[in-house]
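I opened this model to look up its cores, salt bridges and surface. My entries follow in the order in which I made them.

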Amino acid sequence: MIKSLTEAQTAKFPEYVARWIAIGTSTAPVNLEGAKAAICKAYKDVGLKEPTQFHVVDSPMAAIDLIKKLDPSKTPREIFDEMIYGNQEASWLAFYQFFRDEVGIKEADAVSNLIELANHCGWLNVYEDVVVFQHRPEVIKFDEQNRLHGETGPAIRFRDGYSVYAWHGVRIPAEWIENKASLTPKMALTWENVEQRRCAIEILGWHNVLAGLKSKVIDADNDPEIGTLIEVDIPEIGKERFLKVLCGTKREFALPVPPDMKTALQAQAWTWNLDKKDFTKPEIRT
């Protein structure tokens with residue numbers, strides 16, 4: 001039984017992390033010869049006859065359309081559930097490859113073909129005599145916390161145009177990005193899905209959302225860069241307080257602050273994680 005790793009083994013962690021992040025986020029098209037070799041070996045290793053039909057499509061939707069034509073009895077849901085994630089199995093395949101190659105765990109050999117396959121293609125469907133490979137997406141975008149995120153376009157776009165739109169890891173309607181004028185403060189404040197509602201408000205900006213609501217001034221500082229503390233009644237949420245400020249770049253924006261804030265200065269200090277008695281206004285805030 002292995003109870004601990006050696007220093008040499010743990011020193012390999014960064015190498016595996018970098019390698020498998022690159023594999024999992026790859027936007028390269030299918031390497032068809034490599035993918036065929038890996039899947040045929042997988043069939044052979046479990047005692048199955050090698051498939052003879054290979055197809056390559058651009059996206060999950062294209063795979064569903066093709067497989068429906070090949071087998072009309074299958075539903076789109078069934079086809080989707082049967083998909084193997086190829087390179088996007090990276091999170092756990094990295095673990096198995098490490099223990100196979102660096103620790104010598106022979107049981108990890110069982111997924112060697114999947115490890116090889118991940119280097120060559122995106123998602124795929126496998127059947128008795130048919131394999132449908134998918135190209136990896138041509139665009140994948142993340143935010144600074146590695147969540148799917150696209151401010152000016154899709155977070156994921158496939159080669160046939162099929163796209164996924166996301167805001168800091170939450171899937172959102174495409175029109176919120178592609179046609180921002182369609183997103184209104186009223187829509188954002190009343191959207192049924194709470195996580196998407198938060199995204200809609202962030203996309204619009206609180207200062208734009210608040211402009212459409214009746215607000216009560218709690219405190220207004222003489223310095224516009226300290227700001228004005230206001231309270232609004234948000235549908236289905238209740239009373240919330242915000243600090244409306246003019247930043248050093250002369251842009252107006254609003255920040256949500258705790259409901260116990262009593263003055264604009266106190267709220268401004270809170271945004272810097274300071275007590276108001278310790279707060280000194282920075283020369284510029286961006």
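I counted two residues as in contact when heavy atoms lie within 4.5 Å. The model is predicted, so I noted that local features need pLDDT of at least 70 and side-chain atom pairs pLDDT 80 or more, whereas totals for chains, interfaces and linings use all residues. Residues are numbered from 1 along each chain as its sequence is written, and side-chain values use heavy atoms, without hydrogens or water.

**Entry 1: cores.** I first looked up Ile203. Leaving aside neighbours within four places in sequence, Ile203 is in contact with Trp167, Ile172, Trp176, Ile177, Lys180 and Leu183. I then listed the nonpolar cores, each a set of buried Ala, Val, Leu, Ile, Met, Phe, Trp, Tyr and Cys residues joined through side-chain atoms within 4.5 Å. Buried means under 20% relative accessible area, exposed over 50%, and partly exposed in between (1.4 Å probe, protein chains only). The largest core has 23 residues, and Ile203 is among those that touch the most other members, as are Ile172 and Trp206. Helices H8, H9, H10 and H11 and strand E10 each supply at least two residues of this core. Helices (H or I, at least four residues) and strands (E, at least two) are DSSP runs numbered from the N terminus. H10 gives the largest share, five residues. A second, separate core has 13 residues, including Ile226 and Phe279.

**Entry 2: salt bridges.** I searched for a side-chain nitrogen of Lys or Arg within 4 Å of a carboxyl oxygen of Asp or Glu, the criterion for a salt bridge. The whole structure holds 12 of them. Lys74 pairs with Glu82, the closest N and O atoms being 2.8 Å apart; Lys74 is buried at 16% relative accessibility, and Glu82 is partly exposed at 31%. Glu195 pairs with Arg198 at 3.0 Å between the closest N and O atoms. These two are about one helical turn from each other, because they stand three residues apart in helix H10. Lys216 and Glu231 meet at 3.7 Å, N to O. This pair links distant parts of the chain, with Lys216 in strand E9 and Glu231 in strand E10, 15 residues apart. Lys216 is partly exposed at 47%, whereas Glu231 is buried at 13%.

**Entry 3: a loop serine.** I found Ser26 in the loop between helices H2 and H3. Ser26 counts as buried, at 16% relative accessibility. Leaving aside neighbours within four places in sequence, Ser26 is in contact with Asn87, Arg136, Pro137 and Ile140.
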